[in-house]
Amino acid sequence: MLGRLVETESGRRLGRCRDMRAALGSGGPKVNALVVGRRGRLEHFGIGTPKGQTPDAVPWEAVVRIERDRIVVRDGTEIV
Amino acid sequence: MTDSIDLGLNLLDHQLLDAENRRCGKVDDLALEGGPGEELELVAILCGPGVWRGRAGLIGRAAAWLGGGRRVRIPWDDVAEVGSHVKLRKRAAELGLGRGDDRVRPYLDKIPGSDR
Amino acid sequence: MKIFQVALGILAAIGGFVDIGDLVFNVSAGATFGYQLLWVVVIGVVGIVVYSEMCGRVAAVSGKAVFDAVRERVGFKAGLAALISAQVVNLMTLTAEVGGVAICLQLLSGLPYRWLIVIAGVGLLVVVWVTAFEWIERIFGYGGLCLLVFAVAAVKLHPEWGAVGHGFVPHVSAESPLLYTYFAVGLLGAAMTPYEVYFYSSGGVEERWGPKDLGLNRVNAMIGYGLGGFLSFALMITGGALFLERGIEPEFLGSITLGAEVPLGQIGLLLALVGILFAVGGAAIDTLFSGAYNLAQFLGWEWGRYRHPRGAPRFTVTWFVLLVLALGLVLTGVDPVQLTEYAVIFSAVALPLTYIPIFLVANDRTYMREYTNGRLANVLGLLYLVVITIVAVTAIPLLILTNVGQN
C-alpha cells in the first residue's frame with residue numbers, strides 16, 4: 001500500500017501514502033491513519049518536527065476502497 | 001498522542017531480537033488483516049528471503065531465489081516490545097528464525113578456537 | 001586504557017586512510033603534479049573526520065552500525081542497491097590489498113610472488129581467527145606507524161617548502177587540468193573510501209561504546225584520520241621531491257619505497273616495507289570485515305568478532321568466503337597497483353550511497369535522542385554531500401578521459 005496515490009472519490013489528489021499509523025492496544029496494532037503527503041516524507045526521515053505535531057495523516061475510516069494503483073477516500077477528507 | 005507507531009518507520013526493516021537478545025533477522029514485511037470500512041489489524045511479522053519478492057522488483061526476486069525462498073510468519077502475540085529493535089517473546093529456534101546460523105554452527109565447532 | 005582505546009582510531013585510520021589506494025594515489029599525485037594537490041588531501045581528511053565522528057556517534061548512541069541503520073532508514077530496495085555496490089567495490093579493494101601484502105612480503109623475503117599470495121591469505125586468515133579485535137587493532141595500528149619514516153624522508157629530501165606551502169592553497173593546475181581533476185577525484189575517493197566508515201561504526205559497536213564514549217569517538221576520529229592525513233602529506237611530498245623531476249612514474253610498490261630508501265638508505269627501506277605491510281594488511285582486515293558486517297547487518301544476522309565464530313556463524317563464513325574470493329582473484333595475476341586505481345575510482349562512485357544515509361541517520365531523533373548532529377556537523381556534512389556527489393558523477397568520465405590516469 002505504501003507509495004500509492006491517495007485521492008478522494010471526486011478525484012482530488014491528497015498525496016502519496018508514505019506510511020501507516022497504528023494504535024497499540026490489546027491484540028495487534030490497529031491501523032487508524034495513513035500518513036500522506038510531503039510532510040509525511042520528511043518526517044519519515046526523522047527531520048523536522050516530531051510526528052503528530054503537523055498535519056500529516058488521513059484517518060483510516062475515510063478510506064472507501066483500495067484500487068490497484070490508488071487509495072480512494074471519501075470526499076471532504078482532509079489531512080489532519 | 002497515545003501509544004501509536006508508524007508501521008513503516010518503526011517496524012519495517014528493523015532488527016529482530018529474540019528472547020535471549022540474539023539477532024535473528026529483520027522485519028521483511030507485515031501481514032495485515034482487514035480492509036476499507038472495517039478494522040485493519042497487524043496480525044503478523046513476515047521474515048525470510050521468500051518475502052523479498054514483492055519488495056524490490058526484479059532484484060528482489062533474484063535475491064529471494066538466491067536466499068532460498070523461505071518465509072517465516074511471526075504472530076504478533078510473540079512480539080514483546082517495539083523499540084529501536086523488535087524484541088520477541090520466544091527464542092529464535094522456537095520461532096523458526098536464525099536457522100542459517102544454527103545450520104552452519106556445527107561445522108565451525110569442529111575448528112579449534114571457534115569459541116574465542 | 002584510554003591510550004589503547006585510541007588504537008581503534010589509529011587502526012581504522014592507518015589501515016583505512018593509508019591503505020593501498022592512498023599509497024598509490026598520493027605518491028602518484030606527487031610524482032605527476034608535485035605538491036599542488038596537497039589541499040585536496042586536507043579536504044579529504046576533514047571529510048572523513050566529520051563522517052567518522054557521525055558514524056561513531058550513531059554507534060555509541062543507538063547501538064547500531066551504519067549498515068544496520070541504512071536498511072531501516074532508506075528501505076529494502078535502496079538498501080539492497082547500497083549493499084550490492086558496497087560489496088563489489090569492497091571485493092576489488094580487498095583483492096588489491098591482499099595483492100599488496102603479497103608484494104610487500106616478496107620485497108622483504110625475495111620468495112616467489114605466487115607462494116606469497118597464499119601465505120598472505122593464510123596469514124590474514126589465521127590472524128583474524130586467532131586474535132581478538134582489540135589486539136588486531138593494536139598490532140596493525142602500531143605497525144603501520146612505521147610509515148612515519150616517510151615523514152622523515154620527506155624532510156630529508158629538502159623539498160622546496162615554499163612550493164609545499166603553496167600546495168595547501170586550493171587552486172587548479174593550468175597544465176593538464178583533466179588529469180589534475182582525475183587525481184583530485186582519486187585522492188578524495190581514496191580518503192573517504194566507504195569501507196572505512198562501515199568498519200569504524202561496526203568497531204564502535206564491537207567495543208560497546210555508549211554515550212559516555214562520545215568524547216573518545218571524537219578524539220579517535222580526529223587523531224586517527226589526522227595522522228593518516230599527515231602521512232598522506234608525507235607521501236605526496238616524497239613523491240614530489242623525488243619522482244617529479246626525475247620523471248619517474250611509481251607503478252610498483254617497490255618504486256614507492258624508493259621514497260624512503262633514497263634519503264634514508266636500507267633502514268628507510270625496511271621501515272617503509274614494514275609500515276606498508278602493516279598498513280595494507282590492516283586495511284585488508286578492515287575491508288574484509290566491512291564486507292561481512294554489511295551483509296550481516298543488512299540481513300539481520302548475528303554479527304561481530306565479539307560474538308566469536310560460533311556465536312555468529314554466517315558472519316564468520318562470509319568473511320572467510322570473501323577472503324578466499326579475493327585470494328582467487330589475486331592468483332589470476334591481476335596487478336594489485338593497477339586494480340587499486342579502479343577500486344578507488346569505483347569507490348568514489350559509491351560515495352553518495354554510503355554517506356547520504358549516514359547523514360540522515362545522524363539527524364534522526366529516534367536513533368540519536370538528544371545527540372543528533374549539531375550545527376557544525378550538519379553544515380559540514382551537507383557541504384561534503386555536495387562534494388562527494390560531484391566526485392561520484394565525474395569519477396568514471398575522468399577515468400575514461402584520462403585513460404586511467406595516463407593521459
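Select strand β2 of chain A, residues 13-23, together with β1(B): the two pair in the antiparallel sense over three bridges, where strands are DSSP runs of E of at least two residues, helices are runs of H or I of at least four, both numbered from the N terminus, and pairing requires at least two DSSP bridges. Within this pairing, pick R21(A), which stands opposite D6(B) in β1(B).

The model is predicted, so local features need pLDDT of at least 70 and side-chain atom pairs count only at pLDDT 80 or more, while totals for chains, interfaces and linings use all residues. Residues are numbered from 1 along each chain as its sequence is written, and chains are lettered from A and ligands numbered from 1 in the order in which they are written.

Now show the contact between the two chains: 16 residues of chain B are in contact with 21 residues of chain A, contact meaning C-beta atoms, placed from the backbone, within 7 Å. On the side of chain B that touches chain A, two or more residues come from each of β1 (4-6), α1 (7-11) and β5 (40-47), and β5(B) gives the largest share, four residues.

Eleven of the 15 residues of α9(C) are buried, so the helix is largely enclosed by the rest of the structure; buried means 20 or more other C-beta atoms, placed from the backbone, within 10 Å of a residue's own. Among them are Y180(C), F183(C) and L187(C).

Key. A residue is buried if 20 or more other C-beta atoms lie within 10 Å of its own, exposed if 12 or fewer, and partly exposed in between; C-beta atoms are placed from the backbone.
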